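Please keep the structure open beside them as you go.

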Amino acid sequence: MTGPYATVVIVASLLLALWCGVLLIANRPPNRPLWVGLGLLEALLIGFLGWGLASMLARTTDFARLEFALYLLGVAAIVPLAGWWIRAEKSRAAAAVLLVVLLVVPVMVVRVQQVWASV
Amino acid sequence: MSERKVNAGFGRVLIVIYAVFALAASARSFSQIVTRFDEAPVAYLLSALAALIYIVATIALARGDRTSRTVATVAIGIELGGVLTVGVASLLAPEAFPSASVWSGFGSGYLFIPLVLPIVGLWWLHRTRPMPGS
């Protein structure tokens, strides 16, 4: 499903993860440009959610619909939840939290694709 | 390091990893039980138990008060026991685990994170334990 788009999401997430890794090593909390990047990633993920749900409704052949929808909703929710979780964290742990989440996003996107491809 | 709170600093990172596993295990077991429970009821119930333990551990670590610390220690202890037991059992009797749970093969399907996580969790609880008299 949505091959090139999913690839863009994965690459964007990994680049942001790299950025968080640099902040973590430099012992710094997330800065404003990173938040802008996270906002863009979230926009991509909401697009992915919409596209995925629309594709799911349009598809007539059988596949694991529930799992598919849960992964789509999860991957769209995880970045905002992480942002909320580190709202009061001023240390580099905030960057580490985002690093974890930004590595989870590509895994979830791949799982969405696997569920879509499996019958 | 003056930080002694279980749910701040490194603890915040740990809790996120727990939350991710709570989410992943719940979603997985939910869809397993709803769609194909009769295929492998034991494995799927085990998945659900693992999910429940991750949820309890996540919430208890995030709350971080004295009672929650005890709850977290028990939950993470069960988690460690579970991953070791299921890990050994899935190697000795693979036919009993036709569908992978988070703990199968010591969590090998999840980069062995399920095996490392409870050890790190217990270490962190120990490290952030309240000082006497506080």
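This is a predicted model: local features need pLDDT of at least 70, side-chain atom pairs count only at pLDDT 80 or more; totals for chains, interfaces and linings use all residues.

1. Helix H2 (residues 32–58) of chain A and helix H4 (residues 93–117) of chain A have axes that come within 13 Å and cross at roughly 15°. The crossing in which H2(A) passes H4(A) is left-handed.

2. Which residues bring H2(A) and H4(A) together? From H2(A) come A:Leu34, A:Trp35, A:Leu38, A:Leu41, A:Leu45, A:Phe48, A:Ser55 and A:Met56, and they meet A:Leu98, A:Leu102, A:Val105, A:Val109, A:Val112 and A:Trp116 in H4(A). By type, the residues of this contact between H2(A) and H4(A) divide into 13 nonpolar, 1 polar and no charged.

3. A:Ser13 is worth a look alongside those two helices. A:Ser13 sits in helix H1 (residues 3–25) of chain A. Its relative accessible area is 0%, so A:Ser13 is buried. Leaving aside neighbours within four places in sequence, A:Ser13 is in contact with A:Leu41, A:Leu102, A:Val105 and A:Pro106. Of these, A:Leu41 is also listed in the H2(A) side of the contact with H4(A), and A:Leu102 and A:Val105 in the H4(A) side.

4. The axes of H1(B) and H2(B) come within 8 Å and cross at roughly 150°. Since an angle over 145 counts as roughly antiparallel, that makes H1(B) roughly antiparallel to H2(B). H1(B) passes H2(B) in a left-handed crossing.

5. On the H1(B) side, the residues include B:Leu14, B:Tyr18, B:Phe21, B:Ser29 and B:Arg36. On the H2(B) side, B:Tyr44, B:Ser47, B:Ala48, B:Ala51 and B:Tyr54 are among them. The residues of this contact between H1(B) and H2(B) divide into 16 nonpolar, 5 polar and 1 charged.

6. B:Ser29 has its place in helix H1 (residues 10–36) of chain B. Not counting residues up to four places away in sequence, B:Ser29 touches B:Tyr44, B:Ser47, B:Ala48 and B:Ala51.

7. B:Leu46 has its place in helix H2 (residues 41–63) of chain B, and B:Leu46 is partly exposed, with a relative accessible area of 22%. Between the C-alpha atoms of B:Leu46 and B:Arg4, 42 residues apart along the chain, the separation is 34 Å.

8. In chain B, B:Phe10 and B:Trp124 form an edge-to-face pair, 5.1 Å centre to centre with 70° between the planes. Here too distant parts of the chain are linked, with B:Phe10 in helix H1 of chain B and B:Trp124 in helix H4 (residues 113–127) of chain B, 114 residues apart. B:Phe10 is partly exposed at a relative accessible area of 36%, whereas B:Trp124 is buried at 5%. Separately, ring pairs link B:Tyr18, B:Phe21, B:Tyr54, B:Trp103 and B:Tyr110 into a cluster.

9. Lastly, two backbone details to check by eye. Most residues other than glycine have a negative phi. A:Asn27, in the loop between H1 and H2 of chain A, has a positive phi of about 60° although it is not a glycine. B:Phe112 likewise has a positive phi of about 60° without being a glycine. B:Phe112 is found in the loop between helix H3 (66–92) and H4 of chain B, and B:Phe112 is partly exposed, with a relative accessible area of 41%.

Methods
Residues are numbered from 1 along each chain as its sequence is written. Chains are lettered from A and ligands numbered from 1 in the order in which they are written. Side-chain values use heavy atoms; hydrogens and water are left out. Axes are lines fitted to C-alpha atoms, for helices over the stretch in contact, and angles run from 0 to 180 degrees between N-to-C directions. Helices (H or I, at least four residues) and strands (E, at least two) are DSSP runs, numbered from the N terminus. A crossing is left-handed if the near helix is turned anticlockwise from the far one by less than a right angle, and right-handed if clockwise. Contact means heavy atoms within 4.5 Å. Ala, Val, Leu, Ile, Met, Phe, Trp, Tyr, Cys and Pro count as nonpolar, Asp, Glu, Lys and Arg as charged, and the others, Gly among them, as polar. Rings of Phe, Tyr and Trp (its six-membered ring) pair if their centres lie within 6.5 Å; planes under 30 degrees apart count as stacked, over 60 as edge-to-face and the rest as tilted. Buried means under 20% relative accessible area, exposed over 50%, partly exposed in between (1.4 Å probe, protein chains only). Angles under 35 degrees count as roughly parallel, over 145 as roughly antiparallel, 65 to 115 as roughly perpendicular and the rest as oblique.
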